[in-house]
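Thanks for coming. Please look at the screen.

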Amino acid sequence: METTYTVTGMTCEHCVGAVSGELLKLDGVRDVRIDLGSGAVTVTSEQALDAAAVRDAVDEAGYAVVG
């Protein structure tokens with residue numbers, strides 16, 4: 001399953017690493033791809049992810065999911 005989120009505040013590769021690292025800790029997440037320019041974060045997972053868990057992971061990294 002692939003889901004795309006929009007994350008605000010990312011400006012560099014360090015930001016990408018922080019967000020990816022937190023999302024990869026979630027159960028079932030297999031891959032995270034981030035387009036820094038648009039803020040698009042595409043998460044590949046074994047099953048649908050809990051939206052609150054995704055928001056919490058991104059928040060833990062210091063950023064916010066939009067929408």
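Two strands are said to pair if DSSP finds at least two bridges between them. Keep in mind that this is a predicted model.

By that rule, strand β1, residues 2-8, pairs with β4 in the antiparallel sense, over three bridges. Val7 has Val65 in β4 as its bridge partner.

Now the sheet as a whole. It is open and has four strands, in the order β2-β3-β1-β4, with antiparallel pairing. β2, residues 29-35, and β4, residues 64-66, each have a single partner strand, so they stand at the edges and one side of each has no neighbour in the sheet. From one strand to the next, the twist averages 40 degrees.

Helix α1, residues 13-24, lies across β2 and β3, the latter being residues 40-45. The helix runs at about 160 degrees to β2.

On to the charged pairs. The count is three salt bridges. In one of them, Glu2 meets Arg33, with the closest N and O atoms 3.3 Å apart. That pair links distant parts of the chain: Glu2 is in strand β1 and Arg33 in strand β2, 31 residues apart.

Arg33 also forms a salt bridge with Asp31, again at 3.3 Å, N to O. Which residues end up in one network? Glu2, Asp31 and Arg33, joined by salt bridges that share partners. As for accessibility, Glu2 is exposed at 52%, Arg33 is partly exposed at 39%, and Asp31 is partly exposed at 32%.

Glu22 and Lys25 also form a salt bridge, at 3.3 Å from N to O. Here Glu22 counts as buried, at 18% relative accessibility, whereas Lys25 is exposed at 60%.

How values were computed:
Residues are numbered from 1 along each chain as its sequence is written. This is a predicted model: local features need pLDDT of at least 70, side-chain atom pairs count only at pLDDT 80 or more; totals for chains, interfaces and linings use all residues. Side-chain values use heavy atoms; hydrogens and water are left out. Helices (H or I, at least four residues) and strands (E, at least two) are DSSP runs, numbered from the N terminus. Axes are lines fitted to C-alpha atoms, for helices over the stretch in contact, and angles run from 0 to 180 degrees between N-to-C directions. Contact means heavy atoms within 4.5 Å. A salt bridge is a side-chain nitrogen of Lys or Arg within 4 Å of a carboxyl oxygen of Asp or Glu. Buried means under 20% relative accessible area, exposed over 50%, partly exposed in between (1.4 Å probe, protein chains only).
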